[in-house]
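Q: Take a close look at one part of this model: the charged side chains. Where do they gather, and which of them pair up?

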Amino acid sequence: MKYPQTKEVLNQLVADLSQLSMVVHQTHWYMRGTNFLKLHPLMDEWQEDLDAQLDVISERLIALDGSPYSTLTEMADHTKIPDEPGTWDKSTPERFEIFSKDYRYLADLYQKGIEVSDDEKDFSTQDIFIGFKTETEKRLWMIQAELGKAPERDA
């Protein structure tokens with residue numbers, strides 16, 4: 001089997017991007033308070049970005065003869081991003097703290113993908129990982145800025 005570790009990271013990303021998209025969607029539904037009019041439509045953009053990443057990642061996995069997770073059960077069984085039950089009692093900053101943790105995890109997973117695809121010499125997939133890691137770190141910077149914090153990528 002060619003690129004086994006790269007395929008493993010790709011499929012992990014399938015599960016995690018699916019879950020993070022749901023976390024963003026949940027925030028879109030349950031958001032209230034200051035900046036609602038600005039942040040509510042922004043959640044649609046974030047979800048679209050995650051779904052676009054998911055499509056590229058899944059199609060790359062298929063191109064490598066892999067089989068992306070494709071059921072809710074598979075996503076739930078394999079994601080490492082925790083479920084957060086929808087409630088009205090979380091503030092927008094609390095939800096952004098969750099985003100911060102989840103996007104940091106995603107950036108780290110892309111970094112792992114960069115490393116394993118380098119080891120396996122799958123430079124086409126590595127290019128995808130590098131681009132999405134860059135986008136994810138930018139999003140993390142913006143989330144942290146909304147919280148009044150530095151990006152803390154070295155934390």
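A: Patches are made of residues with over 30% relative accessible area and no salt bridge, with like charges joined within 9 Å and nonpolar side chains (Val, Leu, Ile, Met, Phe, Trp, Tyr) within 5 Å. Asp and Glu count as negative, Lys and Arg as positive; His and the chain ends are not counted. The model is predicted: local features need pLDDT of at least 70, side-chain atom pairs count only at pLDDT 80 or more, and totals for chains, interfaces and linings use all residues. Residues are numbered from 1 along each chain as its sequence is written, and side-chain values use heavy atoms, leaving out hydrogens and water.

A negative surface patch brings together Asp 44, Glu 45, Glu 48, Asp 51, Asp 55 and Glu 59. Glu 59 sits in helix 2, residues 36-63 (helices are DSSP runs of H or I, at least four residues, numbered from the N terminus). Its relative accessibility is 46%, so Glu 59 counts as partly exposed (buried is under 20% relative accessible area, exposed over 50%, partly exposed in between; 1.4 Å probe, protein chains only).

Now the pairs. The whole structure holds 6 salt bridges (a side-chain nitrogen of Lys or Arg within 4 Å of a carboxyl oxygen of Asp or Glu). One joins Arg 139 to Asp 49, at 3.0 Å, N to O. Arg 139 is in helix 5 (residues 123-146) and Asp 49 in helix 2, so this pair ties together parts 90 residues apart in sequence. Arg 139 is buried at 15% relative accessibility; Asp 49 is partly exposed at 34%.

Arg 60 and Asp 122 also meet in a salt bridge, at 3.0 Å, N to O. Both Arg 60 and Asp 122 are buried.

Terms used
Areas by Shrake-Rupley, 256 points an atom, 1.4 Å probe, with all protein chains shown as cover. Charge placed at Lys NZ, Arg CZ, Asp CG, Glu CD. Helix = DSSP H or I, 4+ residues; strand = E, 2+ residues; numbered from the N terminus.
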